[in-house]
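User: Please examine the structure below and answer some questions on its charged pairs and nonpolar regions.

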Amino acid sequence: MLVMNKKINAHMITMLGLLIALTVVLSRIFGFETQFIKISFDFVPKIIMGALFGPVWTGVGAVAADTIGMMLFARSAFFPGFTLNAFIGGLIYGYFFYKKEVSWKNAILCSLSLTIIISLILTPIWLAIMYNQPLTSVVIWGPRLIKALIMFPIQSILNYVVGRALPLKRLKNYLATVR
């Protein structure tokens, strides 16, 4: 399921590049970030990547966006755990949206998976390591829980709305037929 056996052409690379650039802009320029929390809408291009390219390519695109964004617009020290988060997030988007109809169920399960795995499990571990804080610290958990409560419904709704509003089938057909 996570094998990169999909044949990729120049149009697909171009589309992936544009989505990576859009991810960087939404994450680093229009995102809100402090030492312990980051809120952005960079998941919108990741939905499109997931629907068009599948889990592995979306993970690779998310890693590229994270790395490029960090090189161009660093707001804190580089930590590889957050790049791992980007890859896992890409895998999750690809799993829920590749070759599947965008439904409320997929939109909510995708948001729930991202919230639990990345926001509530991995990110607190990375922050505890980075800032030498105990994993039970309110400094780490306070902002995370508030963000999860606010962003989960917003992200679920936007996953569904963006996934349904975009002509993803037409884009998939176009990318498949162009050589």
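Analyst: A salt bridge here is a side-chain nitrogen of Lys or Arg within 4 Å of a carboxyl oxygen of Asp or Glu. The model under discussion is predicted.

User: How far apart are the closest N and O atoms of D42 and K46?
Analyst: D42 and K46 are both buried. They pair in a salt bridge, and their closest N and O atoms are separated by 3.3 Å.

User: How many residues apart in sequence are the parts that R28 and D66 tie together?
Analyst: The side chains of R28 and D66 form a salt bridge at 3.6 Å, N to O, and both residues are buried. R28 belongs to helix α1 and D66 to helix α2, so the parts they tie together are 38 residues apart in sequence.

User: Is R164, which forms a salt bridge with E101, buried or partly exposed?
Analyst: The closest N and O atoms of R164 and E101 are 3.0 Å apart. E101 has a relative accessible area of 47% and is partly exposed. Buried would require under 20% relative accessible area. Because its relative accessibility is 43%, R164 counts as partly exposed.

User: Which element gives the largest share of the largest nonpolar core?
Analyst: This core has 28 residues, and F97 is among those with the most contacts inside it. Elements giving two or more residues to the core are α1, α2, α3, α4 and α5. The largest share, nine residues, comes from α2.

How values were computed:
Residues are numbered from 1 along each chain as its sequence is written. This is a predicted model: local features need pLDDT of at least 70, side-chain atom pairs count only at pLDDT 80 or more; totals for chains, interfaces and linings use all residues. Side-chain values use heavy atoms; hydrogens and water are left out. A nonpolar core is a set of buried Ala, Val, Leu, Ile, Met, Phe, Trp, Tyr and Cys residues joined through side-chain atoms within 4.5 Å. Buried means under 20% relative accessible area, exposed over 50%, partly exposed in between (1.4 Å probe, protein chains only). Helices (H or I, at least four residues) and strands (E, at least two) are DSSP runs, numbered from the N terminus.
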